[in-house]
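The entries follow in the order I looked things up.

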Amino acid sequence: MTHSSHPTHTESAKLVNENQCHMCMPLGGVVAFKGIENAMVLVHGSQGCSTYMRLTNVEHYHEPVDVASSSLNEKQTIYGGEKNLKQALDNVIRVYEPKVIGVLTTCLTETMGEDLNRIITSWRADTGNVDTEIIPVSTPSYDKTHTEGFWTATRSIIAHYAKTGVQPHARANVIIPHISTADIRAIQQILDQWGLAYTMLPDYSMTLDRPFAGRYRKVPEGGTKTAEIAEMGGAPVTIQFGQTCEDSISPGHYLSERFGVPLVSLPLPIGIENTDLFMQALEDLTGKNMPDRLQNERGWLIDAMADSHKYNASARPLIYGEPELVYAYTCACMENGAVPSVIATGSPHSRIGVLLETVLAEADEKPVILEGADFATIETAALDAGSTIAIGHSGGRQLTERHGVPIVRAGFPIHDRVGGQRILSAGYAGSLAFLDRFTNTILEKKYASYRELRKEELLSKIAALPGRECIAD
């Protein structure tokens, strides 16, 4: 764990993860490929791996989410999974007829040393199929988390399609981290209001959150068009919401190094300062003033901050989950007077400790910062630090069940509530929605015990009065 100069949670040598705060690396890759037009995902590994990824997505998005598998078992573990992968590619093409197949490795196939590029080349020679785009991505979970899986797959998709020699054009690249479909749509609406032409990657706002159509589609409509991805090298700029992303897996960094596309790295537009940074970038790019609608939304957010500040100042939030979201929610809490007690992520590769130095510089009491943490560690740190409220996904629900710490649901996965994909936090309007959820959770907890606490307070004062025996008589 890295903690910079902030207090750390001291722990003895920890040999196991207890209720981990992240998911496996290929799961992030699955979500990224679901944001590509006419794409299907094939997990090269056991049935259990693909079933876990399918169920996790289904429980969060409440949509059919197909994930194919090469179905390895004990025999292939010894003799290799080439035959299974080739058969799986044949089956996926026959059943789904996709334009793109993302092939993701698992811990098993990484340990076996499966050479995906060689197997795919051999499969093309066997079948003569040169039309289906196949993008192999190495996603070993024992090394990284679903967050890094998302970034790695997104970067691999760009590396597969983007070509040199593309004519320069006016469409900006907009690269997002793993956020809710509601937040994707909110960012798209902001870009549209500014009148900026863009290619958003990946865009799973329709493929994983579809309007009711009355008919199941094996490969849903929507997703980023591959023709637009191929032209990302000719874009005037890349806006990437990924400050916690390492350069080695950063899609925006790849476009900058490979094609010279300038990179504007921004935090997620959650909270007023982070959203202001987004607006300033759009003003610089378009040369326009902020649209009136967004000006009003900014004003409503500031008004709400003034209204709720007195309640937020009493909170000691624990914030956990994916690094980019954790960073953004920490910024939002700090500017609303709710100084975090614990900030935690399951990823051991985030830059969050360094990034938070500036954000937490003026905090009277420094929070504990945990990277690569599991929920056993987070729970202990939260109790030690006196956390009164939490912001994060469903993985931390035992905090409520065991200790009465309420959770403001955010991030992925949300499987103990409905509407996880519709949780809105981005932009001024989204930040206002988050602020209301956060403040009302504080008030709900306060008023649930308010009368009992006041009664106990009054009785203790009476008990301390001289001659109280006479009052009692």
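**Salt bridges.** I started with the charged pairs of this predicted model. The count came to 18 salt bridges. I looked up R351 and found its side chain in a salt bridge with D247, at 2.9 Å from N to O. R351 sits in the loop between strand 10 (342-345) and helix 14 (352-359), and D247 in the loop between strand 7 (238-241) and helix 10 (251-259), so this pair ties together parts that are 104 residues apart in sequence. I checked the exposure of both partners. R351 is partly exposed at 32% relative accessible area, and D247 is partly exposed at 36%.

Next I took R316, which forms a salt bridge with E365; their closest N and O atoms are 3.4 Å apart. This pair also links distant parts of the chain, 49 residues apart: R316 is in the loop between helix 12 (292-312) and strand 9 (317-320), and E365 is in the loop between helix 14 and strand 11 (368-371). Is R316 buried or exposed? R316 counts as buried because its relative accessibility is 18% and the limit for buried is under 20%.

I also noted a salt bridge between R417 and D416, at 3.6 Å from N to O. R417 is partly exposed at 44%, and D416 is partly exposed at 25%. Elsewhere I found E82, K86, R118 and D126 linked in a network of salt bridges.

**Q188.** I looked up this residue in helix 8 (residues 181-194). Q188 counts as buried, with 13% relative accessibility. Leaving out residues up to four places away in sequence, I listed its contacts as Y198, M200, D203 and S205.

**Nonpolar core.** I went on to the largest nonpolar core, which has 97 residues. Which members touch the most other members? They are L191, Y204, F241, F278, I391 and F438. Helix 13 (residues 323-335) gives the largest share of this core, 9 residues. For my own reference, nonpolar side chains tend to be buried together in soluble globular proteins.

I traced an open sheet of 5 strands, in the order 11-10-9-12-13, with parallel pairing. Strand 11 and strand 13 (407-409) stand at the edges with a single partner strand each, so one side of each has no neighbour in the sheet. From one strand to the next, the twist averages 15°. I checked strand 10 against strand 11 and found parallel pairing over 4 bridges. Within this region, I343 stands opposite I369 of strand 11. Helix 13 packs on the sheet and touches strand 9, strand 10 and strand 12 (389-392). The direction of helix 13 makes about 155° with that of strand 9.

**Helix 10.** Where do the buried residues of this helix lie around its axis? I listed the buried residues as P251, G252, Y254, L255 and F259. They cover an arc of only 160° around the axis, which puts them on the same side of helix 10. These buried residues pack against helix 7 (146-161), strand 5 (172-175), strand 7 and strand 8 (263-266). After helix 10 comes G260, with a positive phi near 75°.

**Backbone checks.** I looked for cis peptide bonds and noted one between L201 and P202, with omega about -15°. P202 is in the loop between strand 6 (198-201) and helix 9 (226-230). I noted another cis peptide bond between F412 and P413, with omega about 5°. P413 is in the loop between strand 13 and helix 17 (427-464).

I then looked at positive phi values. N38 is not a glycine, yet its phi is positive at about 55°. N38 lies in the loop between helix 1 (25-33) and strand 1 (39-44), and N38 is partly exposed at 28% relative accessibility. S71 is not a glycine either, and its phi is also positive at about 55°. I placed S71 in the loop between strand 2 (68-69) and helix 3 (74-79). S71 is partly exposed, with a relative accessible area of 28%.

Methods:
Residues numbered from 1 in each chain as written. Predicted model: local features only at pLDDT ≥ 70, side-chain atom pairs only at ≥ 80, totals over all residues. Heavy atoms only, no water. Salt bridge = Lys/Arg side-chain N within 4 Å of Asp/Glu carboxyl O. Helix = DSSP H or I, 4+ residues; strand = E, 2+ residues; numbered from the N terminus. Buried < 20%, exposed > 50% of the residue type's maximum accessible area, 1.4 Å probe, protein only. Contact = heavy atoms within 4.5 Å. Core = buried A, V, L, I, M, F, W, Y, C linked by side-chain atoms within 4.5 Å. Pairing = 2+ DSSP bridges. Axes fitted to C-alpha atoms, helices over the stretch in contact; angles between N-to-C directions. Arc of directions from axis to C-beta.
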